[in-house]
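Let's take a walk through a protein fold, one piece at a time.

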Amino acid sequence: MQPAFKDLIDVLFTKKHNSVYDPEYQEHLRKAPWEEWLSQNDYFDVVEEYITTFINWIYSSKENHVSQSLKERYPRRDITVGTTQTFDEAYFRYAGRRLRLFRGEYTYHKRCYPNCKWLDQPAKQDHEWGEDLDERDWVIVSHPFCGTGGEHPKLKELLDRCEKKDIPVIMDCAWFGTCFGLNFDFSHPAIKAVAFSLSKGIGLGSMRTGLRFSSYSKEENKPIAQQNRYKHLVLSNCQIGIYQMKRFSPDFTVNKYAHWYKKLCENYGMTAVNCLHVSLLPYYNEHASHFLVDESYSKVGVREALKAIRQKKLIL
């Protein structure tokens with residue numbers, strides 16, 4: 001007999017929104033050729049290989065569309081510690097300015113940068129815009145949006161508004177590799193930087209490697225540029241990233257788990273979204289308030305439920 005939803009809360013349905021970790025990730029890591037790598041004179045001198053492999057990995061997705069604008073509009077490609085280092089530097093870059101966020105955005109920003117304000121009103125007000133944008137503001141927005149696992153419905157309007165007031169926008173694509181059915185178009189002139197990571201997509205959260213695409217000057221001396229110029233980077237993790245990217249495409253999780261995910265959502269009355277590790281509850285659901293985020297989204301983490309299905313501990 002299938003367990004009731006309420007009996008799985010905080011066990012298989014959680015407030016944590018961790019991505020799916022497949023055992024094949026760990027199995028492949030165990031076979032990494034460390035002896036071969038360390039036998040080379042310049043072991044881990046992999047900057048160019050990492051950047052090239054990462055770009056090819058992004059464009060290899062068949063479950064999402066990535067426009068050529070990522071290659072064409074952003075001449076700087078800098079290795080980062082996940083996506084988070086991009087944000088840490090942005091807090092420094094835009095110090096003194098107010099950060100604007102959609103409700104449901106990555107909580108790290110509000111914890112680390114208190115000078116911020118929501119862009120929108122709570123969901124009960126139909127996500128109307130809040131206080132107007134100011135020329136001294138700056139914006140971070142995730143895509144997929146971590147509030148819903150899809151494209152934020154006001155994304156295009158936001159970018160147009162930012163362009164009119166010359167407000168810089170950073171796009172966070174940390175959930176790329178967990179998603180399907182999305183368009184990744186970075187052609188809008190308001191976007192100044194785009195951050196990608198391997199943490200969520202292919203199970204490298206403990207090794208934290210990423211890539212930032214930006215239109216920042218080649219001569220700038222901000223921390224990420226300095227570290228890349230002198231190769232003060234976690235290159236051993238980059239080597240592991242290359243190794244994993246050559247085995248696992250950004251569609252691996254989708255291809256393996258999508259049918260389980262959709263059936264899970266259907267069976268338990270959840271709304272399936274574009275990211276496999278989260279789902280949404282409708283507002284009228286009796287458990288919606290338990291999962292409510294920023295007064296706007298009842299977001300359920302389903303990683304553990306998918307793991308249970310894979311292990312045949314939860315039968316749909």
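## Starting at helix H2

At the start of H2, a side-chain oxygen of Asp-22 comes to within 2.9 Å of the backbone nitrogen of Glu-24. That is a polar contact, meaning a pair of N or O atoms within 3.5 Å; within protein, one must be able to donate a hydrogen and the other to accept it, and residues adjacent in sequence count only if both atoms are side-chain atoms. What you're looking at is a predicted model, where local features need pLDDT of at least 70, side-chain atom pairs count only at pLDDT 80 or more, and totals for chains, interfaces and linings use all residues. Residues are numbered from 1 along each chain as its sequence is written, and side-chain values use heavy atoms, with hydrogens and water left out.

H2 covers residues 23-30, and its buried residues are Tyr-25, His-28 and Leu-29. Seen down the axis of H2, these buried residues fall within an arc of 100 degrees, so they line one face of the helix. (The arc is that of the directions from the helix axis to the C-beta atoms. Buried means under 20% relative accessible area, exposed over 50%, and partly exposed in between, with a 1.4 Å probe and protein chains only.) What do they pack against? The buried residues of H2 pack against helix H10 (235-245) and helix H11 (252-267). Helices (H or I, at least four residues) and strands (E, at least two) are DSSP runs, numbered from the N terminus.

## Helix H12 and its neighbour

H11 turns up again here, as the buried residues of H12 pack against H11. H12 spans residues 303-310, and Ala-305, Leu-306, Ala-308 and Ile-309 are buried in it. Viewed down the axis of H12, its buried residues fall within an arc of 160 degrees, so they line one face of the helix. After H12 comes Lys-312, whose phi is positive, near 60 degrees.

## A sheet of four strands

Now look for an open sheet of four strands, in the order S10-S11-S13-S12, with antiparallel pairing. Which strands sit at the edges? They are S10 (271-272) and S12 (292-293), each pairing on one side only. Two strands pair if DSSP finds at least two bridges between them. S10 and S11 (residues 278-280) pair in the antiparallel sense over two bridges, and Thr-271 has Leu-280 in S11 as its bridge partner.

## Strand S8, well covered

Strand S8 (residues 191-197) is mostly covered, with six of its seven residues buried. S6 (residues 169-173) runs parallel to S8, joined by five bridges, and Met-171 stands opposite Val-194 in S8. S8 also pairs with S9 (residues 210-214), this time in the antiparallel sense over five bridges. There, Ser-197 stands opposite Gly-210 in S9.

## The nonpolar cores

In soluble globular proteins, nonpolar side chains tend to be buried together. A nonpolar core is a set of buried Ala, Val, Leu, Ile, Met, Phe, Trp, Tyr and Cys residues joined through side-chain atoms within 4.5 Å. The largest one here has 88 residues, and those with the most contacts inside it are Phe-13, Val-194, Phe-196, Leu-264 and Met-270. Apart from it lies another core, of 14 residues, among them Leu-99, Tyr-113, Cys-116 and Ile-170.

Which residues does Met-270 touch? Not counting residues up to four places away in sequence, its partners include Phe-5, Phe-13, Leu-264, Leu-280 and Val-302. Contact means heavy atoms within 4.5 Å.

Leu-70 belongs to helix H5 (residues 69-72). Leu-70 is buried, with a relative accessible area of 0%. Leaving out residues up to four places away in sequence, Leu-70 touches Ile-58, Tyr-59, Arg-77, Phe-186, Val-194, Phe-196 and Phe-213.

Asn-228 is found in helix H9 (residues 223-229). Is Asn-228 buried or exposed? At 14% relative accessibility, Asn-228 counts as buried. Setting aside neighbours within four places in sequence, Asn-228 is in contact with Asp-78, Ile-79 and Leu-233.

## Zooming out

The protein chain has twelve helices and 13 strands. Its radius of gyration is 20 Å, close to the 20 Å that the globule rule gives for 316 residues, so the chain is as compact as a globular protein of that length. (The radius is taken over C-alpha atoms, and the rule is 2.2 Å times the number of residues to the power 0.38.) Of the 316 residues, 56% count as buried.
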